[in-house]
Amino acid sequence: MTPKNYILGIDTSCDETSLALLETDSGKIISNLISSQVKMHSEYGGVVPELASRAHAENLELVFQKCLQQAGISLEQISSVAVTQTPGLIGCLLVGTSFAKALALRLGVDLYAVNHLEAHLFSPYIESEPEFPFLGLVVSGGHTIFYEVHSFFDMNVLGQTIDDAAGEAFDKGAKLLGLGYPGGPIVDKKAKLGDDQAFAFTRAHVKWSPNHLSFSGLKTALLHHVQAECRNLKIETPENLPETTINNLCASLQAAIVDNLGAKLKAFLQNQNFKRFGLSGGVAMNSLLRSEVQKICDDNTIPCDLAKPAFCTDNAAMVAYLAYHQKKKADVFSVSPQASQKINAKELKKDAYRSAKN
Ligand code: KG4
Ligand code: ZN
């Protein structure tokens, strides 16, 4: 019989159709495919939910076949299916969960529902093992959350944004500057050529809860800087601003976002005892954020685990990885002690009869 030892992970929460396979004996990811819809959405300056779910419906089966092919395994070798259940765009989640349910029923295997944010949270540990408790920062297009993590199944939110997510601040900033979508990677690139002191952005403090963050003021501040520059240079639209000004605006905006996150990281590391720090989510791709959190962790002598670029933006490897641990937990709890072995007299008699015959 062909061994069934692969978990299939599926993520269709937003604008990436992703499928991955994890081999359960080794715990290793052997395939992680991502079909990105970025090109399609960039025309509209952001994700169009209806187009996103249609594209998932069209691509899912194809990416699935490619994933099996790349891994060199057959359908029957899948031992469990894991799928992102929440949070995400409802139409997109529906496509993924319907596919996952049908496949699990067809194969007669378990189905694991995975929380997308928790999957991001553990993504720095896909190729290593976490040590608990660790401090995790999930920083993506829709969320910015610091977690205190005690186990794969026990975590608390320490602080989070009360308005825009950090990724949203990058995306909205880039849109305002006419730079395209998604804004994060573009701002990151341009910021490398700019002066981060050129424009002042105040760092927001949430008075009623110092553990929380706020990024929504940044886009207003950026708008004011852009309007002032346009007025000074007698330019009508930000797209026509000189390259240096755009680069300086990107560098200053990025520094403000990273500074805000860094300040919270420092505070959490200094006030509590963590064994490690893990950075994850799409914004974890940001070059300045990566180097800054590394520096802060070094200063606090805490190991810093940065999710690998392939596991930062939405991917199904992180979904399969979390399900792998859910499955392990389920297996552990199925082992319950019994003080004495239950004896089934009928079975014993049958066994005795069989051995006598042989
Ligand atoms: O995790 P993700 O793929 O999707 C969500 O779950 O939201 O994150 C997407 C976000 C977008 O806001 C994108 O602009 C941001 O990640 N991002 C970056 C970089 N690469 C992607 N932000 C800053 N710098 C980057 N290099
Ligand atoms: Zn995500």
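Q: Which residues come nearest to ligand 1 among the 19 around it?
A: In this predicted model, Gly141, Asp171, Gly184, Asp188 and Gly282 come nearest to ligand 1.

Q: Why is helix 6 called roughly perpendicular to helix 8?
A: Helix 6 (183-191) packs against helix 8 (residues 243-271) at an angle of about 110 degrees, with the axes 8 Å apart. The label covers 65 to 115 degrees, and therefore helix 6 is roughly perpendicular to helix 8. The crossing of the two is left-handed.

Q: Which residues meet where helix 6 packs on helix 8, and how do they divide by class?
A: Val187, Asp188, Lys190 and Ala191 of helix 6 meet Glu243, Ile246, Asn247, Cys250, Ala251 and Gln254 of helix 8. By class, this contact has five nonpolar, two polar and three charged residues. Asp188 of this contact is also one of the residues that come nearest to ligand 1.

Q: Why is helix 7 called roughly antiparallel to helix 8?
A: The axes of helix 7 (216-233) and helix 8 cross at roughly 160 degrees and come within 11 Å. Angles over 145 degrees count as roughly antiparallel, so helix 7 and helix 8 meet that condition. Their crossing is right-handed.

Q: Which residues make up the contact of helix 7 with helix 8, and how many are nonpolar?
A: Leu218, Leu222, His225, Val226 and Glu229 of helix 7 meet Thr245, Leu249, Leu253, Ala256 and Ile257 of helix 8. Seven of the residues are nonpolar, two are polar and one is charged.

Q: Why is helix 8 called roughly parallel to helix 9?
A: Helix 8 and helix 9 (residues 287-299) pack at about 25 degrees, with their axes 10 Å apart. The limit for this label is under 35 degrees, so helix 8 is roughly parallel to helix 9. This crossing is right-handed.

Q: Which residues of helix 8 and helix 9 meet, and what are their classes?
A: Gln254, Ala255, Val258, Leu261, Gly262, Leu265, Lys266 and Leu269 of helix 8 meet Leu288, Leu289, Glu292, Val293, Ile296 and Cys297 of helix 9. There are ten nonpolar, two polar and two charged residues in this contact. Gln254 takes part here and also in the contact with helix 6.

Q: What is the omega value at the cis peptide bond between threonine 86 and proline 87?
A: Omega is about -15 degrees there. Proline 87 lies in the loop between strand 4 (78-86) and helix 3 (90-107).

Q: Where does a cis peptide bond join tyrosine to proline, and what is omega?
A: Tyrosine 181 and proline 182 are joined in this way, with omega about -10 degrees. The loop that holds proline 182 runs between helix 5 (166-176) and helix 6.

Conventions
Residues numbered from 1 in each chain as written. Chains lettered and ligands numbered in written order. Predicted model: local features only at pLDDT ≥ 70, side-chain atom pairs only at ≥ 80, totals over all residues. Heavy atoms only, no water. Axes fitted to C-alpha atoms, helices over the stretch in contact; angles between N-to-C directions. Helix = DSSP H or I, 4+ residues; strand = E, 2+ residues; numbered from the N terminus. Left-handed = near helix turned anticlockwise from the far one by under 90°. Contact = heavy atoms within 4.5 Å. Nonpolar A, V, L, I, M, F, W, Y, C, P; charged D, E, K, R; others polar. Near = heavy atom within 4 Å.
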